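Thanks for asking me to look this one over.

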Amino acid sequence: MREGEETDWYYKTERDHHEFLRYGSVKRSTVQLPYTGHSGEYQCVGDPERSPYSRKESNKVSLTVSDRDVILESPASTVFEGESVTLRCRHRTQTKEKNAVFYKDGSPIETDTNHQSAMSSENTVQVISDGSSYMCKFEDEESEPVKLKMEPQPKARLSRYFPSGGSVTLTCSVSPSSSSSSSSSSSGWKYFWYRGNKTSEPLTTKDDVFLSNETISVSQGGLYWCRGGRGDPLYYTEYSDPVVTNRAVVTLRPNWPEIYYLETIALTCELEDGGDAEWEYEWTTSSSYRPEKQKENMIRYASSSYNGDYRCVGTLKHEKSSTEWSDAFTWRVSDYIPRPVLTVSPLWLSPGASVTLNCSVEHPSAGWRFFWYKAVPKLSDNSYSYELIPGSIHGTEQDSYIVDGQTHTAGYVCRAGRRDPVYYTHYSEPKFVWSGDSHSAASLTVNPDRMQHFSREPVSLSCEGNSTEWRVNRFSEFGRMTHCSSSSSWGTMTGSRCNMDRYWQSGVYWCESETGQFSNAVNITKQDGDIILVSPVHPVTEGDSVTLGCKLRTEKVPYNVDFYKNDKLIQNVTGGELTISAVSKSDEGFYKCTGKKSPQGRQSLRSPESWMSVKSASRHEQSPPFPVLLIVGPVCGVLLILLLLLFVCLYRKSKDSCFVRSQSSSRGPATDHMINQDETQLKEYAPPLHGDAVLYESIKGFEEPEHGESSDVTYSVVELKNIAKKGNKKEEPEESAVYSDVKIRSATDNNVMYAQVNSHSKAKKDKGKSRPAAADETVYSEVKPGKALDQ
């Protein structure tokens, strides 16, 4: 027991495994051994009766009790074969200084003079243990013979410990093979460490970190050995069995957060610092799958049957030294194929705008690439086929995609894939971007033609366009997409018309054709109240007249109707209708109305609100086609020549005259009124002309309005007459007239100028016969003037 250690254990002394003496809780006990029969191996044992599993044993001591005056001492009762042992001869009185003589199996040990001299002074001898019997003598007194117990050469034992972190702790020890041998026989060992092979030089502190004589800490994976040595000359134990310090780790390749049904995956046993050594592998798992005894197991079609804990171990093929079993790797396969979610923005399209697609998938950074498709209707089975968008043939790393220049309603789909060959997710549900504009290929009309409808009111939707077969789609207010068909619960498709029953729902509706065309989309709502707003289903064009109405479920017109835009009162009417004569973009917004059933009604009924969309004028109204410019060019040239002639007339002083006369006969009453209204701005010139040639011209010009816009119209009529010269009475004069009508619209109509050119030719007389007059030729042209014309 260690000095100072407190204990309440019971102790006993054993000799040759038999109890010799029992005593209580003490720190030290002394036993007198006066008899020769007390010789043997002694050991102190802590034996707590309350906890027998905590038994502790001390080291063993070999004691010899002799009644002779000379004894032979050895450092241990057990030695190893071939080990050098020093024997000492002692006399009881320790007064004799004579040299002792040593015997081996009854024969004196022959030693050289130097050794004998040393032995004489110390009375010791060094022998190599071989199982012989030894004794010594001082003159006529001799010791009892001593036969050392000899055991085979010991073998070092190497153990390892893997603490947390990167290092590995190795411990080397030497233990006698006999259970009766004393621990002193295994003391005094110095340990030597080797890496790679036994023939290499022992490791030093430069190679590894030594914690103590028998323990080292290493951070490099590899093969390690150890052995012990003691004495002088050194006596070595056998080499230990080798151990490897490589760690085994189970990994998935690729190591994604989640593996899906039917995905291909590799289950791998990785050895840290495995190098080029030849390894054998072994697996254990709690799943029904049994991996092959190889480093990597390729699993082609993963499923939930592979779920479980996996461990592996690596063994050096030639040394038969194994790593520790790896930590458990828990693998779970999701027993489904994922389906991404597609979103589109915007949902309602402005023609020519860009559409952004976003494809959302679980663990988006886990190696996914994204593929983008257009949805093509398949009317035969009420489904869609998918056409890959050319720009995404190989997929995109980004989970978003921009479609530029989209003009019509369209459907899109996405899916994700990873690895090669590609493992694909399911396709997403189709998502649509809707356009309210009709086009030549396909259009949808609503009957009654309004956005809001009363419940139980019959409503029909009609598809028109260049296709023979149609279907009507609905995206309901609850986010579900269905088709109008004989099997649907809300409508029946008859030819190109969908007749909706009373169970139809509010939502977005559009047509799809067998040729892959999509119509405009309409947003119509079903109302249970007694009043609705009558508003256009389709977007209205700037400059058009729009009438909004307020309608009761009965045939009566609401009394004292208020119209609201974006929750602000804009007008109170008595007829139940609000007319916007020329709608503009600023009129776009949410509209609703309120009204009473009768003048005596106490409570006003309020309709739901609906969005009125205003679109810009079509492109052909904004820019003239090229042929029109070819026509207007010569006309403008003629007008310029005429203006130059008028300018010349102002400075000529002759009897001929140039004058300007209003040609009211060529205009309607509205035109005459306009001319009279702005007479103060009309400029008249009357310069003389040569001969009988007469020029009629009526030009009305206007000053630029205060706000840069004008709703007035300007007409210009120019008539040219070619009259025969005086004195030439043999030929009939040929008369020709050119009329040029120019109309300049207001700024809201983008300053469009219309030019009408009328060319008239009278029939010529030829030798008393008349030829038919040429047909009047009228050319209408459309001109958009620049800033110079506006001024």
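1. Asp105 counts as exposed, because its relative accessibility is 52%. Asp105 sits in the loop between strand E9 (101-104) and strand E10 (107-108). Its backbone is worth a look too: Asp105 has a positive phi of about 50° although it is not a glycine. For background, most residues other than glycine have a negative phi, and most peptide bonds are trans.

2. Before going further, please keep in mind that this is a predicted model. The mean pLDDT of the protein is 76, and 69% of the residues reach 70 or more. Residues 178-186 have a pLDDT below 50, and that stretch makes 22 contacts in the model beyond near neighbours in sequence. Residues 653-791 also have a pLDDT below 50, with 216 contacts in the model beyond near neighbours in sequence.

3. Now the overall picture. The protein has four helices and 65 strands. Of its 791 residues, 40% are buried. Taking contacts between residues at least 6 apart in sequence, 61% join residues at least 24 apart. The protein exposes about 45500 Å², and carbon and sulfur atoms supply 48% of that area.

4. Which strands pair with E20? One is strand E17 (residues 168-173), which pairs with E20 in the antiparallel sense over four bridges. Another is strand E19 (residues 209-210), also antiparallel to E20, over two bridges. A hairpin of four residues joins E19 to E20. Ser217 in E20 is the bridge partner of Thr169, and Ser217 is also the bridge partner of Val209.

5. Staying with E20, look at its side chains. In a regular strand the side chains alternate between the two faces of the sheet. In strand E20 (residues 215-218), Thr215 and Ser217 point one way, while Ile216 and Val218 point the other way. Are these four residues buried or exposed? All of them are buried.

6. Strand E32 (residues 341-345) and strand E33 (residues 353-360) pair in the antiparallel sense over five bridges. Within this pairing, Thr343 has Asn358 of E33 as its bridge partner. E33 is also joined to strand E36 (residues 400-406) by five bridges, again antiparallel. Here Leu357 has Tyr401 of E36 as its bridge partner.

7. Arg419 counts as partly exposed, because its relative accessibility is 33%. Pro421 is found in the loop between strand E37 (410-418) and strand E38 (423-424) as well. Asp420 and Pro421 are joined by a cis peptide bond, with omega about 5°.

8. Where is the cis peptide bond with omega of about 0°? It joins Asn447 and Pro448. Pro448 is in the loop between E40 and strand E41 (452-454).

9. Ser443 lies in strand E40 (residues 442-447). Why does Ser443 count as buried? Its relative accessible area is 12%, and the cut-off for buried is under 20%. Leaving aside neighbours within four places in sequence, Ser443 is in contact with Ser438, Ser462, Cys463, Glu464, Cys511, Ser519 and Asn520.

10. Compare that with Ile570, which is in strand E53 (residues 568-573). Ile570 counts as partly exposed, because its relative accessibility is 40%. Not counting residues up to four places away in sequence, Ile570 touches Phe563, Tyr564, Lys565, Leu578 and Tyr591. Ile570 and Tyr591 are 21 residues apart along the chain, and their C-alpha atoms are separated by 9.8 Å.

11. Finally, the surface. Which residues make the nonpolar surface patch of about 310 Å²? Tyr261, Leu262 and Tyr301 make it. Tyr301 lies in the loop between strand E28 (296-299) and strand E29 (308-316). Tyr301 counts as exposed, because its relative accessibility is 59%.

Terms used:
Residues are numbered from 1 along each chain as its sequence is written. This is a predicted model: local features need pLDDT of at least 70, side-chain atom pairs count only at pLDDT 80 or more; totals for chains, interfaces and linings use all residues. Side-chain values use heavy atoms; hydrogens and water are left out. Patches are made of residues with over 30% relative accessible area and no salt bridge: like charges are joined within 9 Å, nonpolar side chains (Val, Leu, Ile, Met, Phe, Trp, Tyr) within 5 Å. Accessible areas come from the Shrake-Rupley method with a 1.4 Å probe; for residues, only the protein chains shown count as cover. A salt bridge is a side-chain nitrogen of Lys or Arg within 4 Å of a carboxyl oxygen of Asp or Glu. Buried means under 20% relative accessible area, exposed over 50%, partly exposed in between (1.4 Å probe, protein chains only). Two strands pair if DSSP finds at least two bridges between them. pLDDT is the predictor's confidence in each residue, from 0 to 100. Contact means heavy atoms within 4.5 Å.
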